[in-house]
Amino acid sequence: MIENNNDLINKFTALAVDNMLYKSKNKLLFRAKQVFGDIDLKDKSMLELGCGDGVYSIWAKINGAKRVIGLEPEVDGSTSGSAKIFTELINNLNLDNIDCLPQTIENFNPNGIKFDIVLSNMSINHFDENACIKLNSNLDAQRKYLGIFNKVKSTMKPRGKFIILDNSNKNFFGIFKKRSPFCPNINWRKHQPPKVWIKLLKQAGFGEAKISWPSRYCCLLSLYCHNIISYFIDSFFRIEVTLLEVENG
Ligand SMILES: C[S@@+](CC[C@H](N)C(=O)[O-])C[C@H]1O[C@@H](n2cnc3c(N)ncnc32)[C@H](O)[C@@H]1O
């Protein structure tokens, strides 16, 4: 029998390592801290967009979230079978109020649920890859992502948090169109820097953005690193924005 939250966290991290989702328990703990920062998960509801194997959705649930939905449609950018792993983890840990749905954000119907937190870890650029490539200069591409951000907004509570993590293409290797040894699978064309996302987020009605650089290569130093150091490695960024309250009248 699982007795307390620490037992559950230990069981989950062991399962994640067994399933080769993380090399070690410490790496998972470190990454989860980078992803959620100082956000208090207790009694919160969370929607994760393109959740893959659902590690962060499960992390939120076992750290106090009351309701979690992970959307994993297994489309662009996906690893086949990730939704199955997520569902198996939920079952193995005997968790309730957490679901993996095979839906895109565009097709998702929240049935009236409003979320405190929406998370997109390494999925934002895949929602519409063709639009993402042209996002800096093409109005149609910007309209597509504005539509997606408005959809995200419609699922959120006022003052809710939207957290986005991805690699920026403003990177030492990216500008020379070279593969980075630190993140060899990144195709720089399909990524954008934080300022491009933040401009659209503001247009959609989100407030001031907090940006940090949670490189996995700085793990011995601190959770986040300096943006210049990040520029020479993986340019992995974290944006946190708050949904502004709409004033009546
Ligand atoms: C690179 S994977 C990241 C998976 C996971 N978040 C992680 O960190 O391992 C990107 C994910 O975004 C999902 N995705 C692509 N388009 C989507 C959309 N329109 N709505 C929701 N998810 C989407 C894909 O199915 C894929 O699993």
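## Overall fold

Helices (H or I, at least four residues) and strands (E, at least two) here are DSSP runs, numbered from the N terminus. On that basis the protein has nine helices and seven strands. Its radius of gyration, taken over C-alpha atoms, is 18 Å, close to the 18 Å from the globule rule (2.2 Å times the number of residues to the power 0.38) for 249 residues, so the protein is as compact as a globular protein of that length.

This is a predicted model: local features need pLDDT of at least 70, side-chain atom pairs count only at pLDDT 80 or more, and totals for chains, interfaces and linings use all residues. Residues are numbered from 1 along each chain as its sequence is written.

## Burial

Call a residue buried if 20 or more other C-beta atoms lie within 10 Å of its own, exposed if 12 or fewer, and partly exposed in between, with C-beta atoms placed from the backbone. Buried residues then make up 39% of the 249 residues.

## A look at helix 1

Helix 1 covers residues 5-18, and its end C-alpha atoms sit 20 Å apart.

Just after helix 1, Met-20 takes a positive phi of about 60 degrees.

Key:
Expected span 1.5 Å × (residues − 1).
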